[in-house]
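Student: I'd like to see how the labels on a model follow from their cut-offs. Could we go through a few together?

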Amino acid sequence: QECLSYVDQFGTATVRALVLVDGISGGAFPPERMQGFLNWLNGFQKDRRSNADGFIRSMFRKPPPEATLQKLLEGSLQTPTDTAVALVVGAMADDETATLAKIDKPTLLAVSENPWLSMYKKMAASIRGARLEVFSEAGHALFVDEAERFNGLVEELMKGADAK
């Protein structure tokens, strides 16, 4: 969403290409998912460490070493809980549909195979010439789980952007 905020504020004149990784933007949060989301936020506020630990572990299909998971957890806990909740709620409430249509640079949407796939497809359809790549062997941290494939796609995207 940071990339889309940049495009919304400054346009694409200084952008060669965009890589959007496993994030939803450009549409309303599905009402049928709202209760589960609110329950998760409630648990997150009540027991931040446990819920953050569970979320971090869920990001990987190929778990990294325990020391790496602990480093990620401690880093995530540096953001105050109320701030983290505000960021998550803001991300879910932000409709960037109009911004997607402004993108006129080569764009890769790299996403994990998950229940949000229909929203990713809608995002890709809203961006001229976007390429949607689904990582079926990866979690949210797809650039770790399938690093070689991810890096190859980014490299290919950049070569194509350089050719234009």
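Tutor: Glu133 is buried, with a relative accessible area of 15%. This is a predicted model, in which local features need pLDDT of at least 70, side-chain atom pairs count only at pLDDT 80 or more, and totals for chains, interfaces and linings use all residues. Residues are numbered from 1 along each chain as its sequence is written, and side-chain values use heavy atoms, with hydrogens and water left out.

Student: Why is Glu133 called buried?

Tutor: Buried means under 20% relative accessible area, exposed over 50%, and partly exposed in between (1.4 Å probe, protein chains only). Glu133 has 15%, so the label is buried.

Student: What makes Glu133 and Arg131 a salt bridge?

Tutor: The term asks for a side-chain nitrogen of Lys or Arg within 4 Å of a carboxyl oxygen of Asp or Glu. The closest N and O atoms of Glu133 and Arg131 are 2.8 Å apart, so the pair qualifies. Arg131, at 34% relative accessibility, is partly exposed.

Student: Why do Glu155 and Lys159 count as a salt bridge?

Tutor: Their closest N and O atoms are 3.8 Å apart, so they meet the cut-off too. Glu155 and Lys159 are four residues apart in helix α9 (residues 147-163), about one helical turn; helices are DSSP runs of H or I with at least four residues, numbered from the N terminus. Lys159 is exposed at 56%, whereas Glu155 is partly exposed at 47%.

Student: Which residues do salt bridges with shared partners join into one network?

Tutor: Arg131, Glu133, Glu146, Arg149 and Glu156.

Technical notes
Helix = DSSP H or I, 4+ residues; strand = E, 2+ residues; numbered from the N terminus.
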